[in-house]
Amino acid sequence: MCGIVGFVGREEAAPILLDGLERMEYRGYDSAGIAVRSEKEGLQVKKAKGRLRVLRELTRDGAELSGTLGIGHTRWATHGEPNDVNAHPHISENGRIALVHNGIIENYMEIKEHLIKQGVTFTSDTDSEVVAQLLEFHYHECGNMLEAVGRVLRRIEGSYAFGIICADYPNALIAARKDSPLILGYGENGNFLASDVTAVIKYTRDVVYMDDGEIAVLTEDSIDVFDDELIPVDKEHHTVDWDVSAAEKGGYPHFMLKEIMEQPEAVRKTVSPRIKDGRVVLDDVALTADYVKELSRIYIIACGSSYHVGMVSKYNWERLLRRPVEVCLASEFRYSAPLVDEHTLVVVISQSGETLDTMAAMREAKRLGGRTLAVVNVVGSSIARESDDVLYTWAGPEIAVATTKAYSTQLVLMDLVGLYLADVLGTVEPAEYSAIVDELAALPEKLENVLAHVEDIQYFASRYFNHDSIFFIGRNLDYAMGMEGSLKLKEISYIHSEAYASGELKHGTISLIEQGTLVVALGTYRALLDKSMSNVVEVKARGAEVLAVTTEEFREKMEKTADAVIAVPESHPVVQPSLGVVPLQLFAYYVALQRGCDIDKPRNLAKSVTVE
Ligand code: M6R
């Protein structure tokens, strides 16, 4: 939620800030703003409600603000409605300090009341302006900006990544973080701060990841990082291996379509280094055989689509490992008295590695004595750094808010981990182990095959895009896959949609099926195909229009009952959801396209959810 960027250097700051914000717009897009300092003009601030293009017009692509030091922000509103006044940067009352913030200050009301009593006047409804005013208060008290920031951090509670500039420090950018991502980048013509590496990879790949409680002072030639006692800290440099082009549309109309098309490659990159001579090799985890054999329970914790990956994995892992696997929504886990001890493996799944609920759940699991294994896409993200073990999905940057390639790489990585654990436990037959490994290796090619038939799905989308409500039904792995198909559809097309376990329909939901209701029936799980077919017959009998997704093998059978059929290549049941989900992603995409929706930036959402 919210993207922040800052630059100090030997080039005009405004165009660099706007470029960085554009690359991070998926983090929030209800308003945006920049503040730039120049010798002549002092602090200049421009902010605007709406998409970044409004701010671009307002500043004539940055030409309106001169200066080589600045900060920028793209907002996903939490405190105060999206409007010009609540947009960041926020300025202290005397106009000398500008601040951008990502996160939530929990005790802002109490501080605000205190400052009002001191005579401070506020202009916005945000928690962030309170920090700008508090900073001015402490700066006035101590006369030193770094010291003032330290004092502010000791008073505020909550989560934050800050970018701060002060008119009295013409060559300094200040950064601070706690529970919100922040990276610092070393560029040739100056230095950067940003919520996300995508904002800076055009200028530098040399970055450091700030840790909680740290404060940094950036000038055009130096970056100094301090701990919360203002003692200097040595930071490790990291080289970002993402390509600039990976964060650009590359000729596609939307990032989402580009990312759907990138799935074969993303899956290949995630799987192939981890299969050697037909065996799953997870060099990057340190789970000993003794530890695995003593495991009594496994939790999988995640949110949204990552949670849906967990649902698929629960079915697969329980079959393969013969151990109880519980999947929990991260936001529920931490408040549910979970049964975690040293014999519990807690797997957390997160594309961004910054989702606050997932991170908090992971910390709770660690506190209770569990061992954590994170499946993460963003290298150096908070979850990756705090987890006992981390396995990266190699999907590359995912920009569209609706996840596709990250989801697919999470699925295959979870398959690999499941196989690895089952092998250690001796709960998988060698023939089945090899069959799954072979299917994972063959998956990129089969995905290419599915993607070669986009026109069929385009056609079905144009046939069904006018429906107001769409149900996804399936059993077992198909049910888990349906949850993802339904989320994809509702998040980008705004069509009401629900996913149900087919067998559960007759316990209530079937009353919603009437003449013409669209039901997407998933029948790729061969073991329960006949039962799924019976459920298709049931909804058809109540007037439903049925679009079925099945495998090539069962196409003919399905065609006898469903109104329309999409078929994907056959695979091992463990791997089959990786193929079945792709038509669902494409269906959501083309339905949203037909409805004229803003596909990459759906309303009310943001890519990285760093608030509770
Ligand atoms: O970054 P994460 O995987 O932790 O994000 C979790 C969810 O917010 C995310 O999967 C969300 O549901 C997707 N945007 C859905 O497409």
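These entries record what I looked up about the ligand site, the pockets and the cavities of a predicted model.

**Entry 1: conventions.** I number residues from 1 along each chain as its sequence is written, and I use heavy atoms for side-chain values, with hydrogens and water left out. As the model is predicted, local features need pLDDT of at least 70 and side-chain atom pairs count only at pLDDT 80 or more, while totals for chains, interfaces and linings use all residues.

**Entry 2: the ligand shell.** The ligand is surrounded by 15 residues, with Ser-306, Ser-350, Ser-352, Thr-355 and Glu-491 the closest. By class, I find 5 nonpolar, 8 polar and 2 charged residues in this shell. Here Ala, Val, Leu, Ile, Met, Phe, Trp, Tyr, Cys and Pro count as nonpolar, Asp, Glu, Lys and Arg as charged, and the others, Gly among them, as polar.

**Entry 3: distances to ligand oxygen.** For Ser-306, an N or O atom of the side chain is 2.6 Å from an oxygen atom of the ligand. For Ser-350, a polar side-chain atom lies 2.6 Å from a ligand oxygen atom. For Lys-488, the corresponding value from a polar side-chain atom to an oxygen atom of the ligand is 2.9 Å. Of the 410 Å² of accessible area (Shrake-Rupley method, 1.4 Å probe) that the ligand has on its own, the protein covers 90%.

**Entry 4: the largest pocket.** Which space does the ligand take? I find that it is the largest pocket; a molecule sits in a pocket if more than half of its atoms lie within 2 Å of the grid points. A pocket is an open set of points on a 1 Å grid over the protein atoms alone, with protein on both sides within 12 Å along at least five of seven lines, and lining residues have an atom within 4 Å of a point. The volume, that is, the space filled by probe spheres set on the points, is about 610 Å³ for this pocket. I count 30 lining residues, of which Cys-303, Gly-304, Ser-305, Lys-607 and Val-609 lie nearest the centre. The lining has 14 nonpolar, 12 polar and 4 charged residues. Helices (H or I, at least four residues) and strands (E, at least two) are DSSP runs, numbered from the N terminus. On that basis, α9, β20 (344–350), α11 (356–367), α13 (405–425) and α16 each supply at least two lining residues. The largest share, 5 residues, comes from α9.

**Entry 5: the second largest pocket.** I record a volume of about 450 Å³. Its lining holds 19 residues, with Glu-22, Glu-25, Lys-249, Phe-255 and Lys-601 nearest the centre. By class, this lining divides into 7 nonpolar, 1 polar and 11 charged residues.

**Entry 6: cavities.** A cavity is a set of grid points where a 1.4 Å probe fits but cannot get out. How many cavities of 30 Å³ or more does the whole structure hold? I find 3. The largest has about 240 Å³ of space and 25 lining residues, with Arg-27, Ser-195, Asp-196, Ser-352 and Val-378 nearest its centre. Its lining has 11 nonpolar, 7 polar and 7 charged residues. The second largest cavity has about 80 Å³, and its lining includes His-73, His-79, His-88 and His-101. By class, the lining of this second cavity has 2 nonpolar, 8 polar and 2 charged residues.

Note on methods:
Near = heavy atom within 4 Å. Polar contact = N/O pair within 3.5 Å; in protein donor to acceptor, adjacent residues only side chain to side chain.
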